[in-house]
Amino acid sequence: MSKIAFIGVGNMASAIINGILHSDTLGIKGSDLVLFDRFPAQYDRLGDIGASKAESVSDAAKAADYIFLSIKPQNIGEVLGELDGVSLDGKTFISICAGISTDIICNKLGRRVPVVRVMPNTPLQIGLGVSALARNELVSDADYDFACSIFSAAGMVMRLDESQMNTVICVNGSSPAYFYYFIDAMVKSAKAQGLECDNIVEAVCKTIIGSAEMLMNSGKTPEELIHAVTSPKGTTERAMNVLYDENVADTIDRAMRACTDRAEEMARDFG
């Protein structure tokens with residue numbers, strides 16, 4: 001079994017590790033993992049999984065076949081600088097650093113290496129993530145399949161060309177916040193109108209989950225399902241007319257484009 005090193009053991013890395021260890025198909029054990037974090041307290045979130053703990057970035061990389069970069073984008077240069085002089089032959093990097101391209105990673109290392117770039121999202125922490133993956137030309141099909149299988153263990157995988165990786169952040173990476181915002185606004189409005197209900201948040205969430213399931217399984221488009229819910233001169237039509245009049249679709253478009261723009265800026269800032 002290959003060794004997998006995690007450089008950085010924050011929330012997302014912990015979610016990935018838990019997905020790996022609970023997978024019925026990967027066959028990866030805690031003893032196959034090497035962890036390194038500058039803050040040892042981060043290890044506590046995982047409990048005793050049998051992983052070894054490295055003393056440095058370079059020690060973790062030397063011990064592994066796959067090297068996860070689960071660090072903040074602004075730390076990429078400092079972390080990869082610690083690998084200067086370390087042999088990376090036969091090793092594949094897997095990066096979840098937002099906005100950091102495979103070329104930036106290679107440039108910081110001062111050499112071309114296989115890099116898989118990943119944009120996961122926070123529902124990965126409950127096994128319902130959506131992760132987008134891309135690779136540079138040095139990643140073999142077998143290594144790419146292995147990387148994809150790791151993220152499939154905790155949700156859905158999208159395989160993309162790297163040119164699309166900054167754009168996909170607005171679709172899966174940042175979008176949970178949009179949905180939480182919408183839910184929060186619905187709940188606050190209902191309460192302001194006098195609705196008293198202990199499980200109103202659950203009711204809104206279940207409605208969203210049910211609506212999403214209908215969309216995925218009905219074979220209909222979002223527009224067709226909107227039409228199915230909207231009766232002439234009814235309550236839904238009145239509500240939808242407010243959304244149309246306020247051009248909420250344009251607001252969503254501007255928000256998504258702002259997300260993509262920031263990803264592009266990060267690539268320039270940290271490149």
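Good morning. I begin with helix H8, which supplies the largest share of the lining of the largest pocket, 11 residues. Please keep in mind throughout that this is a predicted model.

How much space lies in that largest pocket? The computed value is about 3000 Å³. Its lining is made up of 50 residues, and the closest to the centre are Phe-179, Phe-182, Ile-208, Ser-211 and Ala-212. H8 spans residues 200-218. Two or more lining residues also come from strand S7 (129-135) and from the helices H6 (165-173), H7 (175-192), H9 (222-229), H10 (235-245) and H11 (248-270).

I turn now to the second largest pocket, where the space comes to about 850 Å³. Here 35 residues form the lining, and those closest to the centre of this pocket are Gly-10, Ser-70, Ile-71, Lys-72 and Pro-73.

Which helix gives the most to this second lining? That is H11, with 4 residues. At least two residues each are supplied by helix H1 (11-21), helix H3 (76-81), H6 and H11. The class division for the second largest pocket is 18 nonpolar, 12 polar and 5 charged residues.

Thank you for your attention.

Note on methods: Residues are numbered from 1 along each chain as its sequence is written. This is a predicted model: local features need pLDDT of at least 70, side-chain atom pairs count only at pLDDT 80 or more; totals for chains, interfaces and linings use all residues. Side-chain values use heavy atoms; hydrogens and water are left out. On a 1 Å grid over the protein atoms alone, a cavity is a set of points where a 1.4 Å probe fits but cannot get out, and a pocket is an open set with protein on both sides within 12 Å along at least five of seven lines; lining residues have an atom within 4 Å of a point. Grid points are joined across faces, edges and corners, and a volume is the space filled by probe spheres set on the points. Ala, Val, Leu, Ile, Met, Phe, Trp, Tyr, Cys and Pro count as nonpolar, Asp, Glu, Lys and Arg as charged, and the others, Gly among them, as polar.
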